[in-house]
Every structure is written in C-alpha cells, then in structure tokens.
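Trainee: I have a model open and want to learn how to read it. Can we go through it feature by feature?

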Number of protein chains: 2
Amino acid sequence: MILLTDGYNDAHTAKTAICVLRYRPEEVVAVLDRQAAGKTCREVFRTGGDIRCVASLDEAPAANTLVIGIAPPGGKIPVTWRPIVLDAIRRRLTVVSGLHDLLKDDAEFARAAAEHGVRLVDLRDSDEHDVANRRGIRPECLRIHTIANDCSCGKMVAAVELAEGLKREGVDAQFVATGQTGILIAGGGCAVDRVIGDFVAGAAEKLVLANQHHDVIVVEGQGSLFHPRYSGVTLSLLHGVMPDGLILCYEMGRQAVFGLEDVPLASLDEMVEVNERMANLMHPCRVIGVAVNGQHVPRDDEVLAECQRVERRLGLPACDVIRHGPGKLVAAVRAVQAARGR
Amino acid sequence: MILLTDGYNDAHTAKTAICVLRYRPEEVVAVLDRQAAGKTCREVFRTGGDIRCVASLDEAPAANTLVIGIAPPGGKIPVTWRPIVLDAIRRRLTVVSGLHDLLKDDAEFARAAAEHGVRLVDLRDSDEHDVANRRGIRPECLRIHTIANDCSCGKMVAAVELAEGLKREGVDAQFVATGQTGILIAGGGCAVDRVIGDFVAGAAEKLVLANQHHDVIVVEGQGSLFHPRYSGVTLSLLHGVMPDGLILCYEMGRQAVFGLEDVPLASLDEMVEVNERMANLMHPCRVIGVAVNGQHVPRDDEVLAECQRVERRLGLPACDVIRHGPGKLVAAVRAVQAARGR
C-alpha cells in the first residue's frame, strides 16, 4: 500500500499512517507526501524505517492500494486530495479510507471507481442496528479496555502493545479494534464512532461476543468521557464492553483538549474517579494500570520520572509502552487473572 | 391524522400515539387499533377524550395522514403493520414514522409511495455530520434539560409541561425536541438518538444555537446515563446542551430498566450525583427539581405522598406534572433566573 498524508503529516492528524507504519511496515511501499518527498519515514514520522516519502503515485509503481492516512476532526477528505484519489482510481488502485465521509457516498469517486472497476473500502462503514442486550457474555473472558482524557493519546497503541505483550507470555489474548486505524492493523473490528448513537453500545457488545472465546480481550477505547464532542461514544463503549479492568492513557505535556484549546484536560485523579464511577454503573471494574505517552518528550529520563510520579500518586503501575514495553501492564492483567483464580 | 397502535397499545410502547393525543388532539381523527376498536381513546389511553379507536382506514375517511404511533426497542416496524401501511399509501395518505428503520429505506414502501405520489415522512431521519464546537453559546439563555433513570418515564412530557407553564407566566420559554414524539408535537427538532455517535453532541449544540434567542429553553432528554443501551446518547446530549439546570424524572413503581429486567434502576440520590458529576465536567449545573411520573398509580394521595417524600429526601421541589401541573418546576426555574439577576 501507499499511505497518503500529503500536507497533514503531523503526529496527531497522521495517526492512521503512523500506526500502519509501526504495525504493518512490511505492507507499505511508500508515503505520498509532497512536502516530505525524498525523506524517510523514520525522519518524518519517527517510525517506518527507510520507507520513502514520495511526491506522486508514479514513484510507487508497486502499490496496489492507496490508504487515506489521516483522521481529521469531523472526518472529511481534504479538497486538495481529490485529484490524488481520482488519479489512484484511474490507476486501478484499491482506495481505503477511515473517514466519516464515505468514499462510496461521494458521487465523483463512486463514478470513477465504477468506471475503472476499482474497489473503494470504507473502514468506518457499518450497518449496526442492534441494541445491547447483556446476554451471552462469558465471564471467564477477562475484558480490558483502554481509556483516556482526550482523543489521540495512545489508547489504540496501548491496547495493541498490551495484547501483543500478553501473547508473548503465552496468554490467549486478543486486541479488539473499535476505530479505523485499529481495523486496518487488526484486519477486523468496528468503527463504533460512526454507528448510530442508539446502537453504539450494541456494536461494542457484539465485538465482545465475537472475541470472548479468548482468555483476555483488550478493547481499544475511543475519545474520552471528558471530551465535549465524543464523550457519548466513549460511554457507550464503556457500557457495551463492560470491562473488568481499565488502562488509563494520557499524553505527557498535553494541557487542553486537542482542537478545543479552551477546554483543559482532566487530571489523572479525576480520570480514575469518573471512569471507575461510570464503568461500575454496569459491571465491577477498576483502573489497573497507566499508559504514559511520551512521544513528544525527547528525554528518556523525564518520561521515566513521570511514570514513577504517576505510580506513587495513583498506586498503579505506569509505563510508556513504546519506550519501556508493555511489561508492567501485562503484569497488571496477569495479577487480575491470578486473583480470579486463573 | 390517524394514529396506528394496532396490537401495541400499552402505555410504554404507544407513547408516541399517547403524546400526540395529549398535545395535538385537535389533529387526530381516530386511532387504528383492531383490539380496541369501538372504544374511546380516554378508555384505552387515558387521554384523547372521545376520539375513537377504529378497526380499519375505512372508518376514518377524513384522515390524510397515517402516523406510526409506537416506539419499540430497536425501532423496527412490526411485520403485521406492513399491509396497513401499504393500504394507507394506496389511499394516498401521507405516512409519518419515527422509527429507526426509515420508511424511505424500505424498498416496498418506497416503491408504493413513488407509484401513488405519496410522501413518506421519517421524523428520525437527519444528516447531522458536525461535531460540537462550544462556540457562540449565549449565556443569557437559561438551558434546562430533563434527565431520568430509564427510557419512557416522562422526560418529554415534563419538558413540554414546564415550557408551557413558563409561557403561561409570561416567560419567553421554548420546548426543544430531541426525539420523534417531541418533533411531532413541536413541529421541529432533531431525533438525536439516530445521529451518528460522533455527531450527537454536535446535533444537540445546534439545537441550542437555533433556540437560544429565547430566555429559557427546555431541552428534552433521551435515555439515561444508567441505561445499558442508550447511556452514550444521554451523555452526548448532556455535554452538547451544557444545561444550567436539570429536572430529574422517574416513574413511580418501576423497579428495573424497561426491557432489561435484570438491571435495577438507579436510586434518586445516585441519579442526582451521577448526572451532576457528568454535567459539571462541561458546565456548572445542578438538579433543580423532580418530575414524578405517577401514571400507573391510581391513587392521588399516594402520588402526593411520594412527591413529599422526594422533597424531604432531596431538598428539591417535586410534582407530577400531569396531576399537579408544572407550577413547582416553573418556580424552580424562575428562582434560578432570579438568582442570575434576571
């Protein structure tokens, strides 16, 4: 695949591209980004190694798939990208998008795709129309869920790393994707934020039912209970998943809600209190660990000191899963398993 | 209009029909309900006076509109109603529905409507695709919002009665509908529970922006923060509306979540605590009154005693808006206005 980030390659907006580069680099031919052309992905995105950024589709003839690599607020495709997408369709590349504005609903894209026999893949598309029923939940499957105080602060990465870490220790664990990037990495899941409000909890419950044959599932969180825009999706997910344990995620240095700079972020104590309160309305649940995202902090010692401060403050294990690995969170999950006699 | 409740005329399921009978009886010709045919609406629904229940469209030749009068969980049209709807279309009645399953998306209905030149009106249909931005909110407009511990326990009725009560006292107040029945009564609004999860708060904010030229808006609540299925919609609404004051609604005698009988209802104290906690994440807000729904309690003195118990327990005014009128809640809103110097 070739990933499209042209003009939007900051770490926040390009999170889809960055996560694909991190977790599926072997499938990426290049990144289409005119400003960054000639550089490596390591230089631009700090992951993806020597994969090149290129200025046009001509420079990546091996690609058979164009992936829209960004997640802008509101999920609309940038106008400047329309000619690039149409060019990809003319070249018969499959086009994959996780945006709210579906490719298939765009008359020009749909017409071009039909004309050239090209497949448009909308990761966010779904036809969820079922409410949650709380039936058939297997209590032996331990349900872990990642939560945060904002969007894009590492809930998906923490969930992927934790599931992988558990697997490395021989635990039958499964990452469960609830957003477009997670789906791209996992090859399945449901973008719950695009589901009709009444059916979000139902969609989350279905993901649990479909994956609960594993001993542990780690369900990716979305948004935040403190987010003015997306708190409802977060609560539906929390109530649909009915987690046994929560992993609290936040990004070091971030002060305000991304894109709403007049809304200060919740404190760690408030995050624990409010998330536990709301989760326990449905099912007994505790925060069991903290994933500190230090991606914008260059110094390792500062990140380590922050993790230690958090551990003292909350009495919970804390680590940066990218820098330190997920070991402490894996141990926290195994401790819950042990306490439950498994 | 003729209201369709055939086979589903219990107070919970037929709430759309019952509310139209209560608030727009002058527009109702009859109710189509074969089991209740021959009876009056007063006998069957305890509202709507002498409006007749009939067994077929033949008996209501004056009707030019068929209204689907129920709100079943999941919002699907009963199979037994399909011939009735098709018959109405053949007779060139406009068909109005508030169900999740849109009439226009039903191939058979859409074909029949096109053939007979009939309009299908889906009250729940919308194309909301904007996130909340928290810009342009007019602080001088007092925002009141109704909340509850379950679906169908009087949030819409309390909001309508409170707005009407305020108007009777000369206050420039407006009821704001967020569900299909409210829209049918108010002639406008947005069925927020059918909006895509990410955009529910945005849709709620738009309703505020569109109505905040009034001195007071009373925004109808949806679901409950304690509802396993719909809590996310409730939170999006709470965070999109950013109310100044909440009216807590509950139904006397109800013990468990309707349709999920193993889920006990939240207590009044818990309702106050959790709703205030979650509302205050965005904006300073207090519960200012309680709407006790005594529709299934025959004795007036029991309802009055319940209201007095609630007043003592919570230190808040409490009334059954249908039995007692909304006076106490009107006074509570006026007290907030006075405290804010208006």
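Mentor: Start with how the copies relate. This is a predicted model. Chain A superposes on chain B by a rotation of 180 degrees, with 0.0 Å of shift along the axis and an RMSD of 0.0 Å. The two copies are therefore related as by a two-fold rotation axis. Both copies use the same surface: 100% of the contact residues of chain A recur in chain B.

Trainee: How many residues does the contact take from chain A and from chain B?

Mentor: Chain A gives 33 residues and chain B gives 33 residues.

Trainee: Which helices of chain A each supply at least two residues of the side that touches chain B?

Mentor: Look at helix 7 (200–211), helix 8 (231–241) and helix 9 (268–280) of chain A. Helix 8 of chain A brings the largest share, 6 residues. By class, the side of chain A that touches chain B has 17 nonpolar, 9 polar and 7 charged residues.

Trainee: How do helix 7 and helix 8 of chain A pack, and at what angle?

Mentor: Read the angle and the axis separation together. Here the angle is about 40 degrees and the axes are 7 Å apart. The crossing of helix 7 of chain A with helix 8 of chain A is right-handed.

Trainee: Which residues meet there, between helix 7 and helix 8 of chain A?

Mentor: From helix 7 of chain A, they include Val200(A), Ala204(A) and Val208(A); from helix 8 of chain A, they include Val233(A), Leu237(A) and Val241(A). By class, this contact of helix 7 with helix 8 of chain A has 8 nonpolar, 4 polar and 1 charged residues.

Trainee: Now chain B. At what angle do helix 3 and helix 4 of chain B pack?

Mentor: Helix 3 (residues 82–90) and helix 4 (residues 107–116) of chain B pack at about 15 degrees, with their axes 9 Å apart. Helix 3 and helix 4 of chain B are therefore roughly parallel to each other. Their crossing in chain B is right-handed. Val85(B), Leu86(B), Ile89(B) and Arg90(B) of helix 3 meet Phe109(B), Ala112(B), Ala113(B) and His116(B) of helix 4. The residues of this contact in chain B divide into 6 nonpolar, 1 polar and 1 charged.

Terms used. Residues numbered from 1 in each chain as written. Chains lettered and ligands numbered in written order. Predicted model: local features only at pLDDT ≥ 70, side-chain atom pairs only at ≥ 80, totals over all residues. Least-squares fit on C-alpha atoms with pLDDT ≥ 70 in both. Contact = placed C-beta atoms within 7 Å. Helix = DSSP H or I, 4+ residues; strand = E, 2+ residues; numbered from the N terminus. Nonpolar A, V, L, I, M, F, W, Y, C, P; charged D, E, K, R; others polar. Axes fitted to C-alpha atoms, helices over the stretch in contact; angles between N-to-C directions. Left-handed = near helix turned anticlockwise from the far one by under 90°. Parallel < 35°, antiparallel > 145°, perpendicular 65-115°, else oblique.
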